[in-house]
Amino acid sequence: MTSTILLKSGFRCPGDEKEIQRTARKLLSKWTVKHTLRTYSTPLGPTTVLTAGQPSDQPPVVLILGSSLAAATIETCVAAIARTREVFVVDIPGEPGLSSPGRPVGHSIRPYGLWLDALLPQVSNRPMCLVGHGFGAAIALAAECTEQITRIVLVSPEHIVPSARAEISALLRRWQRSINPSDVSRYLDTLTGSEYVPDQATLTWFTKVAVYTVPTPRTHGVPQSAVEKTSVQISLTVVIGTDDRVVSEKMVDRFVGDQPHIEKITLVGIGHLPMVEAPERFARLLDSRA
């Protein structure tokens, strides 16, 4: 498929994506969970999807990760979900991971919707549960090819609700651009709940991301009218951690409002990265909803 969308690299210098890809493959080489990698042609370039688990009577989970996570960084979560169903973890083009380095020029979410519309039928022909995390939550809502989607789960939904208060946003931007490991550690402390302690592999990953990637620009979010339409057609769940300082629970409450078709789930003591902070708990949540 030939891209007609103007792209620019999500990495600081030409070739920087190769260092991120080497780091991701090194992480994957240590996985004990059986998995496969497959690359698909899309409007945003080659897109790599990790697959684990086996088909079951439960719909497969398609997980689109944001906030600098990649499939290679969430082995425990993948293992937990894969116990009951097939799971596909997508690395977004232009973001850290194994997909192509180009991201759309401009601030529209629409190109990502076109990308997802092209990708999903290639990944599976079965009805599926679409899970979008961080920036991936906005992308999940931007898809128009929704015939296969039985439920959408929006986790720590950036770019949909208003951003965190200004001082937190400024701290996050500074730490995202730092090459100092101590700054990266403070960045993770801000992103996650108070009980979470990152392992060395996670610290190394986020340090590499800070060195080699350009932070994701804030896109124009999905219109509220589109959200309301989607929530009527498809079961829609919003998941937020009580310790999330990037997307506050108060802002999520405003987003959900009085819409009876949108379910809200709160994870007590969890921050912005529930897939790494509480992977088993996150998998159980999916099992109970999809």
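Let's start with Val 197, which you will find in the loop between helix H6, residues 181-191, and helix H7, residues 200-212. One thing to keep in mind throughout is that this is a predicted model.

So, is Val 197 buried or exposed? Val 197 is exposed, and its relative accessible area comes out at 67%.

While we are here, have a look at H6 itself. Which residues of H6 are buried? They are Asp 183, Val 184, Tyr 187, Leu 188, Thr 190 and Leu 191. These residues lie on the same side of H6, because the arc they cover around the axis is only 155 degrees.

The crossing of H2 past H11 is right-handed.

Which residues do the touching? From H2 we have Thr 76, Cys 77, Ala 80 and Ile 81, and they meet Pro 279, Glu 280, Phe 282, Ala 283 and Leu 286 of H11. Sorted by class, that contact is made of seven nonpolar residues, one polar and one charged.

Stay on H2 for a moment and find Ala 82, which also belongs to this helix. Ala 82 counts as buried because its relative accessibility is 17%, and the cut-off is under 20%. Leaving aside residues up to four places away in sequence, Ala 82 touches Ala 52, Gly 53 and Val 87. For a sense of scale, Ala 82 and Val 227 are 145 residues apart along the chain, and 29 Å separates their C-alpha atoms.

Next up is a charged residue, Glu 95. Where is Glu 95? It lies in the loop between strand E5, residues 87-90, and strand E6, residues 102-104. With a relative accessibility of 8%, Glu 95 counts as buried. Its side chain makes a polar contact of 3.0 Å with the side chain of Arg 103. Beyond four places in sequence, the residues that Glu 95 touches are Phe 11, Arg 103, Phe 135 and Thr 216.

Let me finish with a bit of backbone. Most residues other than glycine have a negative phi. With that in mind, look at the loop between strand E8, residues 149-155, and helix H5, residues 166-176, where Ser 156 is found. Phi of Ser 156 is positive, near 45 degrees, although this residue is not glycine. His 159 lies in the loop between E8 and H5 as well. What is the phi of His 159? It is about 70 degrees, again a positive value in a residue that is not a glycine.

Notes. Residues are numbered from 1 along each chain as its sequence is written. This is a predicted model: local features need pLDDT of at least 70, side-chain atom pairs count only at pLDDT 80 or more; totals for chains, interfaces and linings use all residues. Side-chain values use heavy atoms; hydrogens and water are left out. A crossing is left-handed if the near helix is turned anticlockwise from the far one by less than a right angle, and right-handed if clockwise. Helices (H or I, at least four residues) and strands (E, at least two) are DSSP runs, numbered from the N terminus. Contact means heavy atoms within 4.5 Å. Ala, Val, Leu, Ile, Met, Phe, Trp, Tyr, Cys and Pro count as nonpolar, Asp, Glu, Lys and Arg as charged, and the others, Gly among them, as polar. Buried means under 20% relative accessible area, exposed over 50%, partly exposed in between (1.4 Å probe, protein chains only). The arc is that of the directions from the helix axis to the C-beta atoms. A polar contact is a pair of N or O atoms within 3.5 Å; within protein, one must be able to donate a hydrogen and the other to accept it, and residues adjacent in sequence count only if both atoms are side-chain atoms.
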